[in-house]
Amino acid sequence: MPRAVLTTPVPSSSSSSVRPPGRSVDVAVLGAGVAGLVTAVTALRAGLSVAVYERGPRDFSASAGYKAGGMLAPFCEADGAEADVVDLGLRSMALWPTLHDGVVIRGSLVVAPPRDAAGLARFGRLTEGHEPADAARIGDLEPDLAGRFRSGLFFPGEGHLDPRQTLGALRDQLEAAGVAVRFDWRGDPDAIAAGRIVDARGLGARDRFADLRGVKGEMVVIRSRDVAISRPVRLLHHRHPLYLVPRGEGVYMIGATTVESDVGEAVTVRSAGELLTQAYALHPAFGEAEIIEFNAGLRPAFPGNEPRIVEDGRVIAVNGLYRHGWLIAPALAEDIVARIVGAAPASKKHEVFHADPA
Ligand SMILES: Cc1cc2nc3c(=O)[nH]c(=O)nc-3n(C[C@H](O)[C@H](O)[C@H](O)COP(=O)(O)OP(=O)(O)OC[C@H]3O[C@@H](n4cnc5c(N)ncnc54)[C@H](O)[C@@H]3O)c2cc1C
């Protein structure tokens, strides 16, 4: 069987039409989150016919990925994530630019106030792919942070994207190629006419995975007329670490809390206060910024916080992307599609295969 070819261009809309309802496809994807959409595009590029079924609305607001920062930070994640996640992230960094032209690779910056110098040194020991950044280098990289931090780390190989814009672009790419992407879908997966089903329902897949849990992440989006920052910045702090991801035109996503809470997607007063206080600590001019949005999402996670690909009859389920879904989805998708077309996946570490439903 042929190996999945990621560089195969998507057929243009002029050469294909939307598949009629009920007609069988090679691959039906359940869930139009980042895992589902990236798998759908990867399958399409491998020459497979695809359909997508999403329970939520067309704006993706039901997905965890809609609330995400969109940091693509494989090196920084080594601070807390397993080696497998770092490997998937490094593979995905090469794949993202082939999937979406809105991916920005300008590196990321990690800074710490003087009292957290030990934390910065520890972060440097646990991670690779960085260069030391003294006050002058920090000012060169981000002029609006000049004079604010004496030391930091620069990770030139890291990047970022805008999750909402990316989800829309992936959907548009599929629809332009004639793929039916159904939103507000309430059907029965067993009734879907497809050779294989990719279950990418995130927390909606608790019926399949008894040990799947949600980990709440709260965030705020602000707009500042006074501060221009061009790449993700992490502020290491002994109590309230924070990161900022630029969205362009003075808009920044600031996040994110990590709360072991499976219920509710509301932002607490405490978290809101901490996020805003830390933004102010990164740059006092953020004190004058306008709050555009508070939001919270539940990250799907397994014990150990590592992702799984589980094959079960005609279903291949992918889940547990936790804090790294944007970072690792392309490599996971590549492995899923390799399995579907009968090729050897690049990595088997995160794969669990069993015959019966859990
Ligand atoms: C605040 C926050 C910040 C984050 N920041 C980052 C970051 O900077 N970088 C990073 O890599 N990751 C980040 N993440 C993590 C990332 O967003 C998740 O890992 C990722 O969204 C998980 O992707 P998923 O597709 O598995 O699940 P989801 O994004 O939740 O998508 C699952 C989809 O399945 C749909 N669905 C559910 N049930 C059904 C059903 N029965 N039928 C059909 N569809 C169904 C849902 O509506 C949803 O659209 C962040 C998360 C949060 C909350």
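Where they touch, domain 1 puts in 16 residues and domain 2 puts in 17 residues; contact here means heavy atoms within 4.5 Å.

A quick word on what you're looking at. This is a predicted model, where local features need pLDDT of at least 70 and side-chain atom pairs count only at pLDDT 80 or more, while totals for chains, interfaces and linings use all residues. Residues are numbered from 1 along each chain as its sequence is written, and side-chain values use heavy atoms, with hydrogens and water left out.

Okay, the ligand. Where does it sit relative to those domains? Both domain 1 and domain 2 give residues to the shell around the ligand, so it lies between them. There are 33 residues around the ligand, and the closest are Glu54, Met71, Tyr322, Trp326 and Leu327; to count as near, a residue needs a heavy atom within 4 Å. By type, the shell has 15 nonpolar residues, twelve polar and six charged.

Which elements supply at least two residues of the shell each? Those are α1 (34-45), β14 (290-301) and α7 (325-341), and α7 gives the most, with three residues. The names follow DSSP runs numbered from the N terminus: helices are H or I with at least four residues, strands are E with at least two.

Now some individual atom pairs. Glu54 has a polar side-chain atom 2.6 Å from an oxygen atom of the ligand. On the backbone side, an N or O atom of Gly69 lies 3.1 Å from a ligand nitrogen atom, and an N or O atom of Arg323 lies 3.0 Å from a ligand nitrogen atom.

Let's move to Asp79, in the loop between β3 (71-72) and α2 (83-99). The scale is buried under 20% relative accessible area, exposed over 50%, and partly exposed in between, with a 1.4 Å probe and protein chains only. Setting aside neighbours within four places in sequence, Asp79 is in contact with Arg122, Phe123, Leu126 and Thr127. Phe123 is 44 residues away along the chain, yet the two C-alpha atoms are separated by 6.3 Å. With Arg122, Asp79 makes a side-chain to side-chain polar contact at 3.2 Å. That term means a pair of N or O atoms within 3.5 Å; within protein, one must be able to donate a hydrogen and the other to accept it, and residues adjacent in sequence count only if both atoms are side-chain atoms.

Last, some backbone details. The peptide bond from Gly255 to Ala256 is cis, with omega near -20°, and Ala256 is in the loop between β13 (251-255) and α6 (269-282). Asp184 has a positive phi, near 50°, though it isn't glycine. Asp184 sits in the loop between β8 (180-182) and β9 (194-199) and, at 51% relative accessibility, counts as exposed.

Definitions and conventions:
Ala, Val, Leu, Ile, Met, Phe, Trp, Tyr, Cys and Pro count as nonpolar, Asp, Glu, Lys and Arg as charged, and the others, Gly among them, as polar. Domain bounds come from an automatic or database domain assignment.
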